[in-house]
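Q: I have a new model open and would like to learn how to read it. Could we go through it together, one feature at a time?

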Amino acid sequence: MPTLAQPRELLQRFSLGEVDAFEELFRLHQGEVYRWILRIVRDPATAEDLTVETFWRIHRGHASFDSARSFEAWARRIASNAALDYLRSKPRETALPDDLPQAPQPDPGISQEMRQKTVRAFGRLPPKLRIAATLALIEEQPYKEIAEALGISTGAVKLRVFRALRLLRKNLQRQGVEP
Amino acid sequence: MTTPDERMEHLLKQSLSPTSTPTGATLQRDLWPAMLDRLGETSAALPWFDWALLAAVVVWLAIFPRAIPVLLYHL
């Protein structure tokens, strides 16, 4: 997420509960918050709903915001929590949309069936592991950013990614797929 | 020679591509109107302590019905 320089005064007005300041921050950050959530949930309509949910949580928590800190990092943390809550509330099988984009350079050695089985198995992973693996491996976000957004250490992110890969491999092997 | 984890990672990347493609990651509309609706919904809803206060008044009036005219006088 690129850092936008916000006037301290705007952040202070927001923390005091001014709706005008909230609107200004909303308009400045809605695109970035949406993109971050989209990376996690991978569905544009859901990402839009969760962007509104995120800003609703931001609005509700305005008094606890420290205007000396980064608004972007705070917003991304809240967005990650909103996305995690969404993934937890959904049945794991339906958590990933069907019309997912294809890999830019498909490997001819990997069949369509194998890809579909992988997507299904990935959708069955626990949400915490899935978010870490999605952001780190598929979206290729820096580990430090993921750690900040999830409120955990970089080491914990790496551990979740590792566990996600192991669990995914085990699930696929159970289906007769040997990666 | 690749490790099983590396092969798994490759298979995952082949199965799910990043959303950060030029068309996929852009917000298509302004969400501020939806945000305003959300803010309106919640401001119209009574917070829990208002309901608790209302319930306390109803109980109080049920126990002391003679207080009803006094309450009406003060409204």
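Q: Which pattern does chain B follow, read along the sequence?

A: Let's set the ground rules before the pattern. This is a predicted model, in which local features need pLDDT of at least 70 and side-chain atom pairs count only at pLDDT 80 or more, while totals for chains, interfaces and linings use all residues. Residues are numbered from 1 along each chain as its sequence is written, and chains are lettered from A and ligands numbered from 1 in the order in which they are written. Helices (H or I, at least four residues) and strands (E, at least two) are DSSP runs, numbered from the N terminus. Chain B reads α-α-α-α, with 4 helices and 0 strands.

Q: How many residues of chain B are in contact with chain A?

A: Two residues are in contact if their C-beta atoms, placed from the backbone, lie within 7 Å. Here 25 residues of chain B touch 36 residues of chain A. On the chain B side, the elements giving two or more residues are α1 (4-15) and α2 (32-44). The largest share, 10 residues, comes from α1(B).

Q: How is chain A divided into domains?

A: Domain bounds come from an automatic or database domain assignment. In chain A they give domain 1 (1-89) and domain 2 (95-179), whose C-alpha centres lie 25 Å apart. Across the boundary, 12 residues of domain 1 of chain A are in contact with 14 residues of domain 2 of chain A. α4(A) gives the most to the domain 1 side, with 8 residues.

Q: At roughly what angle do the axes of α2(A) and α4(A) cross?

A: Axes are lines fitted to C-alpha atoms, for helices over the stretch in contact, and angles run from 0 to 180 degrees between N-to-C directions. The axes of α2(A) and α4(A) cross at roughly 40° and come within 9 Å. That makes α2(A) oblique to α4(A); angles under 35 degrees count as roughly parallel, over 145 as roughly antiparallel, 65 to 115 as roughly perpendicular and the rest as oblique.

Q: Which residues in α2(A) and α4(A) meet?

A: Look in α2(A) for residues including A:Leu25, A:Val33 and A:Trp36, and in α4(A) for partners including A:Phe71, A:Ala79 and A:Tyr86. By class, this contact has 11 nonpolar, 1 polar and 2 charged residues. Ala, Val, Leu, Ile, Met, Phe, Trp, Tyr, Cys and Pro count as nonpolar, Asp, Glu, Lys and Arg as charged, and the others, Gly among them, as polar.
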